[in-house]
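Trainee: I have not looked at this structure before. Could we go through it step by step?

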Amino acid sequence: MQTSEVVLDQADGLRRIVNAKPVKVIAVSSGKGGVGKTNISVNLSVALAKMNREVMLMDADLGLANVDVLLGLNPSYDLSHVISGERTLEEVVVEGPANLKIIPASSGVSRMANLQPMEQAGLIQAFSELGYALDVLVVDTGAGISGNVVNFCSAAQEVIVVVCDEPASITDAYAFIKVMSREHDVDRFQILANMSHTSSEGREMFHKLSTATERFLDVMLTFMGSIPYDPRLRKAVQHQRAIVEAFPRSPAALAITRLAKQVDAWPDNAGSGGQLEFFIERLVNADTDMSEAKL
Ligand SMILES: Nc1ncnc2c1ncn2[C@@H]1O[C@H](COP(=O)(O)OP(=O)(O)OP(=O)(O)O)[C@@H](O)[C@H]1O
Ligand SMILES: [Mg+2]
């Protein structure tokens with residue numbers, strides 16, 4: 001064997017060891033649009049990264065205020081370039097605050113369940129060859145119950161459902177949980193109240209939602225607490241910065257940091273299927289139609 005082959009062989013072996021590690025995959029969803037999913041995904045990711053976790057944030061929504069806009073990034077490439085084989089995953093990933101890795105939004109995301117077998121294999125390999133060991137992958141999904149959202153949530157280990165104090169938010173969250181449980185066998189949801197105005201508002205929302213699910217659905221909801229309504233968050237958005245970086249002592253930043261500690265304490269998905277490549281495999285093999293049907 002030539003020296004260069006030995007080096008390549010060692011690098012390959014190292015990558016395999018690195019990627020044998022289980023990764024917590026967390027999908028952030030809601031049913032209703034505009035409740036704060038993207039801001040929570042970004043800030044939760046940055047807060048975890050600040051705790052020295054290796055974090056990747058995947059933007060699975062092509063909406064307007066997406067992750068790169070919130071963080072003032074200008075990505076040149078996206079997952080569609082990985083799927084076409086033009087770029088490696090490392091070339092597509094952009095760096096955010098605190099060493100956070102971001103996969104920018106792309107039309108490639110909505111194609112993920114409709115790939116040709118060769119493209120599927122290429123994408124799974126791209127993720128399995130990622131040169132660093134992730135602790136957490138956060139996925140910011142779009143609103144509604146499109147095939148895209150459903151697939152990301154079914155393939156993830158945990159689903160955070162963001163709700164706010166509007167009747168439509170509770171009914172849409174209920175509709176989302178119903179579809180995920182009845183049609184996709186997801187029976188565990190983490191409920192997070194956002195933009196709450198009083199300390200009891202979040203728990204009251206959780207109570208309303210869990211009363212309805214207990215009556216009609218076979219699911220387990222956990223209350224993750226509330227993120228207060230905070231004008232500083234809008235200010236941070238205007239400056240294209242994460243609030244946990246720009247205003248770390250503000251009420252919303254403190255609440256998101258507490259949320260990050262809760263997430264960090266979740267057990268690793270150490271069983272089979274916990275590795276990153278298996279998440280991608282579940283995603284590309286999903287048989288749901290990725291049509292963009294909204295609620
Ligand atoms: N805790 C908060 N305090 C104040 N404003 C907030 C808070 N959370 C979110 N917002 C504001 O609410 C708006 C919607 O937030 P965001 O874009 O994160 O929602 P989304 O659920 O991702 O929306 P979409 O469904 O369109 O993807 C933004 O203007 C954001 O600044
Ligand atoms: Mg969003």
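Mentor: We start with the disulfides. A disulfide is a pair of cysteine sulfur atoms within 2.5 Å, and a search of the whole structure finds zero of them. Before going on, note that this is a predicted model, in which local features need pLDDT of at least 70, side-chain atom pairs count only at pLDDT 80 or more, and totals for chains, interfaces and linings use all residues. Residues are numbered from 1 along each chain as its sequence is written, chains are lettered from A and ligands numbered from 1 in the order in which they are written, and side-chain values use heavy atoms, with hydrogens and water left out.

Trainee: Is C153 buried or exposed?

Mentor: Buried means under 20% relative accessible area, exposed over 50%, and partly exposed in between, with a 1.4 Å probe and protein chains only. C153 has 1% relative accessibility, so C153 counts as buried.

Trainee: And C164, buried or exposed?

Mentor: The relative accessibility of C164 is 4%. C164 therefore counts as buried.

Trainee: What is the strand order of the open sheet?

Mentor: Helices (H or I, at least four residues) and strands (E, at least two) are DSSP runs, numbered from the N terminus. Two strands pair if DSSP finds at least two bridges between them. The open sheet has eight strands with mixed pairing, in the order β3-β4-β2-β5-β1-β6-β7-β8.

Trainee: Which are the edge strands?

Mentor: An edge strand here pairs on one side only. That applies to β3 (94-95) and β8.

Trainee: Why is β7 called largely enclosed?

Mentor: Strand β7 covers residues 188-196. It is largely enclosed by the rest of the structure because, of its nine residues, the number buried is seven.

Trainee: Which residue in β7 is the bridge partner of V162?

Mentor: Strand β6 (residues 158-163) pairs with β7 in the parallel sense over four bridges. In β7, the partner of V162 is L192.

Trainee: Which residue in β8 is the bridge partner of F189?

Mentor: β7 also pairs with strand β8 (residues 220-228), in the parallel sense and over seven bridges. In β8, F189 has as its bridge partner L221.

Trainee: Which helix does the chain cross through from β7 to β8?

Mentor: A crossover is right-handed if, with the strands pointing away from the viewer, the path from the first strand over the helix to the second runs clockwise. The β-α-β crossover from β7 to β8 is right-handed, and its helix, residues 201-216, is α10.

Trainee: Which residues come nearest to ligand 1?

Mentor: A residue is near a molecule if one of its heavy atoms lies within 4 Å of it. There are 17 residues around ligand 1, and those that come nearest are G34, K37, T38, N39 and N194.

Trainee: How far is a polar side-chain atom of K37 from an oxygen atom of ligand 1?

Mentor: D61 also has a polar side-chain atom by an oxygen atom of ligand 1, at 3.4 Å. For K37 the distance is 2.8 Å.

Trainee: How much of the accessible area of ligand 1 does the protein cover?

Mentor: Accessible areas come from the Shrake-Rupley method with a 1.4 Å probe. On its own, ligand 1 has 640 Å² of accessible area, and the share that the protein covers is 82%.

Trainee: Is N52 buried or exposed?

Mentor: N52 is in the loop between α2 (37-50) and β2 (55-59), and its phi is near 65°, a positive value in a residue other than glycine. Its relative accessible area is 69%, so N52 is exposed.

Methods:
A polar contact is a pair of N or O atoms within 3.5 Å; within protein, one must be able to donate a hydrogen and the other to accept it, and residues adjacent in sequence count only if both atoms are side-chain atoms.
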